[in-house]
Amino acid sequence: MLQPVDLDKRVFAIKQASKDEILEMEEKEQYLIWNPFTNTFKVEYADKRCIARNKYCAKELVFYKFVEEEKR
């Protein structure tokens, strides 16, 4: 089970990632997907059932990783 995080002490940026980068992520990590067909965003876990692992995954989907940065 995931533990709560004190976001006052952490800062995240969103960086575009390739499908291969998403497949290399740990199962408990989250990533963001932009679907240009529906113009919607969705957050998913990089587990074995994620859309990036699906053989019918559309190449038009855009993936983003959450990257931790230093707080300014």
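These legends go with close-up views of a predicted model.

**View 1. Four strands make an open sheet.**
Follow the strands across and you'll read the order E1-E4-E2-E3, with antiparallel pairing. Strand E1 (11-17) and E3 sit at the edges with a single partner strand each, so one side of each has no neighbour in the sheet. From one strand to the next, the twist averages 30°. As background, strands of a sheet pair through backbone hydrogen bonds, in either a parallel or an antiparallel way.

**View 2. Here E1 meets E4.**
These two strands pair in the antiparallel sense over 7 bridges. Look for lysine 15, which stands opposite lysine 65 in E4.

**View 3. Leucine 61 sits in a loop.**
The loop runs between strand E3 (40-45) and strand E4 (62-69). Leucine 61 counts as buried because its relative accessible area is 14%, under the 20% cut-off. Leaving aside residues up to four places away in sequence, leucine 61 touches Ile33, Trp34, Asn35, Pro36 and Ile51. Lysine 19 is 42 residues from leucine 61 along the chain, yet their C-alpha atoms are separated by 9.1 Å.

**View 4. Tryptophan 34 and phenylalanine 41 form a tilted ring pair.**
Searching the whole structure turns up 2 aromatic pairs. In this one, the ring centres of tryptophan 34 and phenylalanine 41 are 6.5 Å apart and the planes stand at 40°, so the pair is tilted. Tryptophan 34, also one of the residues that leucine 61 touches, is partly exposed at 24% relative accessibility. Phenylalanine 41 has 54% relative accessibility, so it counts as exposed.

Terms used:
Residues are numbered from 1 along each chain as its sequence is written. This is a predicted model: local features need pLDDT of at least 70, side-chain atom pairs count only at pLDDT 80 or more; totals for chains, interfaces and linings use all residues. Side-chain values use heavy atoms; hydrogens and water are left out. Buried means under 20% relative accessible area, exposed over 50%, partly exposed in between (1.4 Å probe, protein chains only). Contact means heavy atoms within 4.5 Å. Two strands pair if DSSP finds at least two bridges between them. Axes are lines fitted to C-alpha atoms, for helices over the stretch in contact, and angles run from 0 to 180 degrees between N-to-C directions. Rings of Phe, Tyr and Trp (its six-membered ring) pair if their centres lie within 6.5 Å; planes under 30 degrees apart count as stacked, over 60 as edge-to-face and the rest as tilted.
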